Structures are given as structure tokens and as C-alpha cells.
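Let's take a walk through this protein together, from the whole chain down to single residues. Keep the viewer open so that you can turn to each place as we reach it.

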Amino acid sequence: MVGVEFKSVEEAESFYHIYSKIIGFSVRKNQCRKNQAGIVTTRSWCCSNEGFRRTKYIKNPNRVREPRSEIRIGCRAMFRVCYSKITKLWVVKEFRTNHNHCMATDMQKHFLRSYRKISAAELEQANLLKKAGMKTLEIWNLFVHQNGGWDKVGCTKKDLYNSLAAGRRGVDDLDANTTLTFLQSKLDIDPEFFYAYMVDEESRLTHLFWADGASRFDYELFGDSLAFDSTYKTNRCQMPLTAKTYTWVLQKFLECMKDKLPETILTDGYRSMNKVIEDLMPSVVHRTCSWHILNNAIKHVHEEGFVGELRNLIKRYYSVDEFDLRWNKMLLDYNSENNEWAKSLYSSRHQWADTHLRGSYFCGSTATNRCESMNAFLKRFLDEKLPLWRALQHCDHRLAALRYGELGKHAADKHSTPVLKRTSMSEIEEQFASIYTRNMFLEVRNQITRSEKYNVVRHHKLKASDICTIEKYLSNDHPKRKVTFKRIEKEMSCDCYWLETKGIPCRHVFAAMKHLHLSDIPRNIIKNRWLKECKDIYLSSPDAQRRFVNPDMISSKRYGGINSQANLFLYYCKRSPKVQQRGMELMSTLLVEIQKMVEDGEEEKTINGAVHEVHDGIKEPHPVATKGRPPQSKSSQQNSSQKSAKARICRVCKKSGHDYRNCKVRKRKCEESMEEDDDDFE
């Protein structure tokens, strides 16, 4: 073998790798010598078992983990080539074939380190799947099935984890800068995208707010109710909203939404948040989450049945006098007249009782459960350990998925008609079915069906209006309702305020319409937000639903287009051995041609050709403690300060300073028991 010539170092290296794989050992680079001009003249490769590990890595007294298994045992097998100035070729000068260890079998060769490599194509596919929300283990299982077995993947599961982490490491170290650059890049695709941030005196990111163009459009189109969740955390910085940030967040929200105030706002009742809303949105109707109120009731009033009575007062509509009577009776029945929490709750009744909030539209919600459902939807793809920029990226993907689902429902509503039930008001039912979305039509039809149980007991006809008194059939418990119909304006209203509160006409209105023989729907009970055509102008462009696009959008689209064609190619190639062989020939030829094009410079150097603002010097935010544990009283703080921290006691030897995992006594007993077991076995 000595004296054999190769055209290049790469050819010599390829030869030795093929040889070592056939024999069954792993290879690593050894020596590399250069001349004075810096040109490589000698290159050698050796067996991975060559040499010995340095003793400083083994005899480290401060080592916490067990050292890795020894693989360097002094194997002298090697392969060395030198460059010949005469022949301009690389000549083999040394080729040792003797090893001092056993060779890997065919079933073990794919575990050898020098043959475990993730190709650029596989890494690109893994990163794309990672962006779509797949976990690394799921990606690994996909590769196993895709390649036909664990030994065909070309790497181990650990290699895949390391490669993905290595690709993110440099970016994650500049999390704040990467996050702001990511947000800045979105302006190229979405001109209506808005973001704002604030840094502290250490140039650390402290505040961040963003909204895409679709969200701003939705708020401009609807924007009547706002739900606020101030407790959810989504990234490793653990930075939910704190008392100091509420003002800044709401100011940026109003700036983003062009100072348009919502009609109502629903929060969890955090006191600092209440104060900010009073200062910045004094005209907005504020409601406190009923779930938080009922949860606090369990903690402060320890009487069975109290929570159920309180729930009725929250969700049912009474007159003000009747509400006060029921409240006082509840306190009397459950011995809570002097309960300070109950007194405080009553003083804020205008923020939680339906009696005082009826007529204000909260999208049918009394609690922040819609925020919780969104949190649960996002939680599948978010993790506290995620860097901030990846958390934003995942939020974009999830938001795009929701909008895609909305687009599908819109298409279904536009190109289909609900099956009519033919109620007693079939003409009205048919009109609503033609203009409302399917879900809202079903809600309206339910009210039409329920209206059959109601009768008009009094009809008072005035000059320009009709007033109908509605009563439920054979029910004295239900209050009578008055429905007013203005003949000139063609408007109808009910004193139950169901239309204003829920957004759909109530059963009392339909009972009055039937009595008055109205064949057309009054104008005011049709809400634009439920119309099929409400967002037609916006939804006509599918690209408008993909506001989540990141800077490498075009590259991802190219990859996706090629991938779909490649899947079709693979589908046909596997049909028969002859087709597979021909497919491999075509692919090999095409691969050589494409690779040559890339090597010749046919590769995009910039992403989208855009130059983005670089946010240099902005550091990652300090992690802060989230709310959860209530503040301690002064007495408990004093008691805790007086108590000294208990030393850790080992449960085996009962001594302090360590636990059972690193107890020497336990280790000695384990060794003795193992020796006894060996004796018994013999």
C-alpha cells in the first residue's frame, strides 16, 4: 500500500474511511503539517483508539460525574500521505494495519463515531420539523421510519439532539438581540406589524409588546371586548406581567390600536391592573373573572353551599333591589355578615354581578376561560426553557394555525347552507341561515325554538311603537319581559338586554315578532360580527392569514415545494425493483448536477435580499419570580427568620452534609451485599 498515489487529500481520506468501515474501526484525524507558505504537505489519520487519555481528566478531585468510558488504549494503526512536488500527487508514506483491540461487527458499525454524521439535508429537514412544533424524539422516530431502521439513519438519537442544540446555541446566547431582529424582519412581510420594547439601565430587555397586521385588523373590525391574562409564563426568563409593566403594556396597546378603546375588558382582578385600567380606560366597563371570585370564596368562606349561591348572584340577572335582598339573605344563611372578604366583594359588585353588568358585551364570557383555552393550545408547543425568540416563533405558528382553521370555517359557511328545522318562524329562520355563520345561526335558532314556550299577555300600541309584555307559559317563577318595536326605525329591543349582552336576539323578541306578524328581521338585531361576509375583503387573500412568516420564509417555501415532489418521486420508485433502480440512476445524475451548481456559486447569499436593523448591545432579561405564593405576614416572617435552616440528614447513616445518593456507608453496604450475592452464586 505504501507508494500508492491519490489525486487529493479528500480522495485519500475517503479511501481510508471506506477501508476502516469494512474492517470495523473508527477513524479520526491525526497530524497535519504545513510548509512556510501555510500549505498542507502531510496529513495522517489514525484509529480512534490511538493514544491515551490525559490523567488530568481522570484524576480530577472535583469531578461530579463519572468519567466517560476509556476508548484510547494505545492502538498504533494509522494512515499517512505526503504531497509530492514532482508528481503533484499525494503519496502514501505509512500504512499500519495492526490493532490492539477487537473490530466492530456488522451490527455494531453504525455506532462507530466516524460514521455517525447528519447530512445537511437531514439537518434542514429536522430544523423545519422543529419549527412546526415537533419534538426532537418525534423527529428521530420519523427518521427511523423514513430510512428503514435505526441502523440506516446514519446517526444516533443523541447526535440529533446535539446537532439541533449546536445550531441554536449561537443564536440563543443573543436571545434579546435575536428576538428583536426576528420582530424587525416581520415588517418586510407585514407592513402593519407593530412591536415595541423597553430596556433598563443595564440594557436588558424588560418590556416587549407585539401585534401583527391581522390582529390589528380584527381589533379594528370587532374590538369591543378585551380579555387580559396577567399570569401566564411562556419562556425561560419567567417574565409574566408585573405591577410595574401594566401601564406600559396598555399604553403600547392603545398606541398599536390607534387609541381605539374596547367597550369592555375582562381581567383576573389583580389590584394593580384595576388601578391602571381606571387611569387609562376610565370609560371601559371592567369585569372581574368569576372563576377567580369563586375560587377565593372557597378560601375565605368555609360554609357548604355558599359558592353555589354566589354563583347564581354572579351569572343571573336580577333587579338591583332583588339582588340586594338575595345577597343579604345569603350572608345571613351562611353566617358571613361580618366576613371582611364578603364586604370587600360586595363593594366591587359592579365588576362581577350580572345585575350591574347586563347590557355590556363580553363575548358571552364571565371568566378568562378563553385565555386559558388559548394557553392550553399554546402550551403543547411552548416550554419554559425555550429562548424568547423561539417562543415568539411558536406563537406565530399557532396563531397562523388558528387563522387557517377560521379560513376553513369561513369557506364552509360560504359554500354550504345549514339544514333548516322548519320552526314556527320558518321565514325568519331561513333569513338568518342565509346571512349568519353556521354556529351563530344554530344559537339564533335555539332562541327561536325556545320562543314557542312564551306568549304575549299584553300588547300596548302607541303612535310609533308597539310594547309587548312577554310571559312564559305555565310558569310564575320567570319574570315578565317587555319588548318594544319601533315601527318607523324597524328596531326591536327587550328589557332583558340579551341582545346587548350576548350579541344575539332573545326568545322574547321572537315571541313578539310572531305576535306582530313580522316577516323581516329588524335591522338592529342583526350584528355584523356574525355575518358570513364580515371578513370577505380581508380573507380573500390567503397570504393575509400567514402573518407568522419568519426571515427564512422563502427558503422554507422552496424546501417544502421540492419536498412534496420528492415524496411523489419516492412513492413511485418503491413500486418495483426496476423502477427503484432507474430512479436511483436519475437521482444520482441530478444530484451531481445540482451539487455542481451550488459549488459554482448558484446559492442565495442573503435572505429575501433584505437588510434588517441590528439590535446590538441589548441583553437578555433577568428572570423574575412569578406571582403564586401570597406575601407572608410580619409575624410569620419574624418566626421564619428566627428559625435556622435545617441541615440535610442522610437517611442511611443519619449524618448531615450529604444525602443517600452520595453516602459512603450506603455504597460500602451495596458493595458488601454484591460480594455476598456472588458468594451465594458460587
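We begin with the overall numbers, then visit a helix, a sheet and a few individual residues.

First, a word on what you are looking at: this is a predicted model. The protein has 24 helices and 14 strands. Of its 682 residues, 36% count as buried. The accessible surface comes to about 42900 Å², and 52% of that surface belongs to carbon and sulfur atoms.

Now turn to helix α1, which runs over residues 9–23. Which residues of α1 are buried? They are Val9, Ala12, Tyr16, His17, Tyr19 and Ser20. These residues cover an arc of only 165° around the axis, which means that they sit on the same side of α1. The spacing has a simple background: an α-helix has 3.6 residues a turn, so residues three or four places apart point the same way. On the other side of α1, Glu10, Ile18 and Ile22 are exposed.

What covers the buried residues of α1? The cover includes the strands β1 (5–6), β2 (27–34), β3 (40–47), β4 (78–83) and β5 (90–96). Just after the helix, glycine 24 takes a positive phi of about 110°.

Next, move along the chain to a sheet. Here 4 strands form an open sheet in the order β11-β12-β13-β14, with antiparallel pairing. The strands β11 (454–461) and β14 (491–494) stand at the edges, and each has a single partner strand, so one side of each is left without a neighbour in the sheet. On average, neighbouring strands of this sheet are turned by 20° against each other, direction ignored. Look at the pair made by β11 and β12 (residues 465–472): the two run antiparallel and share 7 bridges. Within this pair, histidine 459 stands opposite cysteine 468 in β12.

The sheet also has a helix lying across it. Helix α19 (residues 507–516) lies across β11, β12, β13 (481–486) and β14, and runs at about 65° to β11.

Stay in this region and find cysteine 496, in the loop between β14 and α18 (498–502). Is cysteine 496 buried or exposed? Its relative accessibility is 3%, and because buried means under 20%, cysteine 496 counts as buried. Leaving aside residues up to four places away in sequence, cysteine 496 touches Tyr317, Arg358, Arg481, Cys506 and His508. Valine 483 is 13 residues from cysteine 496 in sequence, and their C-alpha atoms are 8.9 Å apart in space.

Finally, two backbone angles deserve a look. Lysine 490, in the loop between β13 and β14, has a phi near 60°, a positive value in a residue other than glycine. This lysine 490 is partly exposed, with a relative accessible area of 43%. Cysteine 363 is not a glycine either, yet its phi is positive at about 60°. You will find cysteine 363 in the loop between α13 (354–357) and α14 (369–379).

How values were computed
Residues numbered from 1 in each chain as written. Predicted model: local features only at pLDDT ≥ 70, side-chain atom pairs only at ≥ 80, totals over all residues. Heavy atoms only, no water. Expected span 1.5 Å × (residues − 1). Buried < 20%, exposed > 50% of the residue type's maximum accessible area, 1.4 Å probe, protein only. Arc of directions from axis to C-beta. Contact = heavy atoms within 4.5 Å. Pairing = 2+ DSSP bridges. Axes fitted to C-alpha atoms, helices over the stretch in contact; angles between N-to-C directions. Areas by Shrake-Rupley, 256 points an atom, 1.4 Å probe, with all protein chains shown as cover.
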